[in-house]
Amino acid sequence: MNVLTIDTATPAVTAGVVRRDEDGTVHTLAERVTVDARAHAEQLTPNVMGAVSDAGITVADLGAVVVGCGPGPFTGLRVGMASAAAFGHALGIPVHGVCSLDAIGIHTEGDVLVVTDARRREVYWARYRDGIRVDGPAVNAPADVALDSAAAVAGSPDHAALFAVPRLDVVYPTSAGLVRAVTDWDDAQPLVPLYLRRPDAKPSVPKPSVAVRK
């Protein structure tokens, strides 16, 4: 089965095509990544269509969509998840959501802390043991994230550098990692975004009207 992958939970705008065999083995056929935290909406569709073309297939050859559901900023997640849902609806194929941190952590071995940029001087984080999440996801200031038994850290290079353990090379969710992280192949569940906190933008509050005496 050919699987379209999408992730916009980090500054990396990722789209790819992965072939998943019946035994669960995955093969990345194509992947396009643009690292630009301000270009999710502009870059995602070109990356999707480019990856499909690079894989030598058409969208009609896709059998499923896998999308990273965060944690991540509100705007970025909305772009990726809405696009994944639209592709799934248009093509009549299931859409599977996964934790974006899992698409990083699943490539690791031993006890590893995965961190990504949460802005506001905070990080999104989760702990993994041999690629399986054992704690998180959560959002905290780096100083408030206990390393516990973590022997290494993966994820955003700038934020991984804040922790006094060796850094791994996996820095963004990968297409293969997204597919490997799916747990609901037989029954796709509704997509649920992992915002973990309120969006930065707040609705304006109307000023109370003042009665004018005549």
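I began with the second largest pocket of this predicted model, for which I noted a volume of about 330 Å³. I then looked up its lining, which comprises 20 residues, and found that Gly97, Val98, Cys99, Asp102 and Ala181 are the closest to the pocket centre. By class, I recorded twelve nonpolar, four polar and four charged residues in this lining. Among the elements that each contribute at least two lining residues are β5 (95-98) and β8 (132-140).

Next I turned to the nonpolar cores. The largest has 22 residues, and within this core I listed Leu4, Ile6, Val17, Val48, Val65 and Val67 as the members that touch the most other members. At least two residues of this core come from each of the strands β1 (2-7), β2 (12-20) and β4 (62-68), and likewise from each of the helices α1 (40-54) and α2 (74-91). I also noted a second, separate core of eleven residues, including Val3, Val18, Leu178 and Val179.

Finally I checked the cysteines, with a cut-off of 2.5 Å between sulfur atoms for a disulfide, and my count came to zero disulfides. For Cys69 the nearest cysteine sulfur is that of Cys99, 8.8 Å away, and for Cys99 the nearest is in turn that of Cys69.

Key
Residues are numbered from 1 along each chain as its sequence is written. This is a predicted model: local features need pLDDT of at least 70, side-chain atom pairs count only at pLDDT 80 or more; totals for chains, interfaces and linings use all residues. Side-chain values use heavy atoms; hydrogens and water are left out. On a 1 Å grid over the protein atoms alone, a cavity is a set of points where a 1.4 Å probe fits but cannot get out, and a pocket is an open set with protein on both sides within 12 Å along at least five of seven lines; lining residues have an atom within 4 Å of a point. Grid points are joined across faces, edges and corners, and a volume is the space filled by probe spheres set on the points. Helices (H or I, at least four residues) and strands (E, at least two) are DSSP runs, numbered from the N terminus. Ala, Val, Leu, Ile, Met, Phe, Trp, Tyr, Cys and Pro count as nonpolar, Asp, Glu, Lys and Arg as charged, and the others, Gly among them, as polar. A nonpolar core is a set of buried Ala, Val, Leu, Ile, Met, Phe, Trp, Tyr and Cys residues joined through side-chain atoms within 4.5 Å. Buried means under 20% relative accessible area, exposed over 50%, partly exposed in between (1.4 Å probe, protein chains only).
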